[in-house]
Amino acid sequence: TSDLALYRLLDENGLSPDMVAGHSLGEYAALMVSGILQFHDALRAAAARGTEMGSVDVPDKGIMASVTAPFDVIEKVLDETDGYVIAANKNSPKMTVIAGETAPMRVVMSTFESRGISCMQLATSHAFHSRIVAPANEPLRRFLEGLEINLPRIPITSNYDGEWYPQQAPSGGDGKSAVLEKLAPQMSSTVEW
């Protein structure tokens with residue numbers, strides 16, 4: 001909601017974006033500003049996303065942690081570790097959020113700490129932006145299919161692949177399906193920008 005308040009303040013002062021982007025949950029604000037979702041549907045979609053992710057019932061809900069180091073250092077530790085641990089949010093060149101199964105995450109976190117690299121566990125119910133919450137993708141997609149979804153009026157980037165959402169329907173397809181291809185898997189995929 002703070003993203004939308006900022007957008008409205010700028011808009012009231014005659015400032016309009018040439019493109020929009022939103023990180024993780026913030027992508028829903030960008031979807032609204034771009035014209036893909038109407039305000040009321042963006043709120044409903046964000047609530048459904050949270051409900052579906054939080055209700056994933058798996059034996060290991062995983063862990064997320066913020067690591068402060070260059071990405072190549074983080075990637076090397078992840079590659080050296082057995083088990084499922086990924087870079088879930090590549091937030092900046094020197095800060096990445098990692099996510100994965102509990103046991104290998106604890107090993108990775110211990111490795112970072114032993115090397116003097118700041119690694120802080122995040123207070124999350126699940127390891128978001130990982131395959132652990134993938135069971136929520138299909139129920140969320142079904143919910144989103146019931147909303148009015150338009151092609152964007154201004155360019156918007158996707159968290160799913162870091163590319164632009166389509167601005168026109170693909171040949172032989174429709175705009176709603178093209179948008180859903182990028183939006184539905186967002187919560188269980190690495191944020192790529």
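This is a predicted model: local features need pLDDT of at least 70, side-chain atom pairs count only at pLDDT 80 or more; totals for chains, interfaces and linings use all residues.
Arg142 and Glu138 form a salt bridge, with their closest N and O atoms 4.0 Å apart. The two sit four residues apart in helix H6, so about one helical turn separates them.

Next, pick out the whole of H6, residues 137-145, and colour its buried residues: Asn137, Leu140, Arg141 and Leu144. They span an arc of only 105° around the axis, so they end up on the same side of H6. What packs over them? Show helix H2 (26-34), helix H3 (39-54) and helix H7 (175-183), which are among the elements covering those buried residues.

Stay with Arg141, which counts as buried at 17% relative accessibility. Its side chain meets that of Glu181 in a salt bridge, 3.0 Å from N to O. This pair links distant parts of the chain, since Arg141 belongs to helix H6 and Glu181 to helix H7, 40 residues apart. Glu181 itself is partly exposed, at 48%.

Asp161 lies in the loop between H6 and H7 while Lys182 is in helix H7, so the pair ties together parts 21 residues apart in sequence.

Last stop: select Lys76, Glu80 and Arg115, which are linked in a network of salt bridges.

Key
Residues are numbered from 1 along each chain as its sequence is written. Side-chain values use heavy atoms; hydrogens and water are left out. Buried means under 20% relative accessible area, exposed over 50%, partly exposed in between (1.4 Å probe, protein chains only). The arc is that of the directions from the helix axis to the C-beta atoms. Contact means heavy atoms within 4.5 Å.
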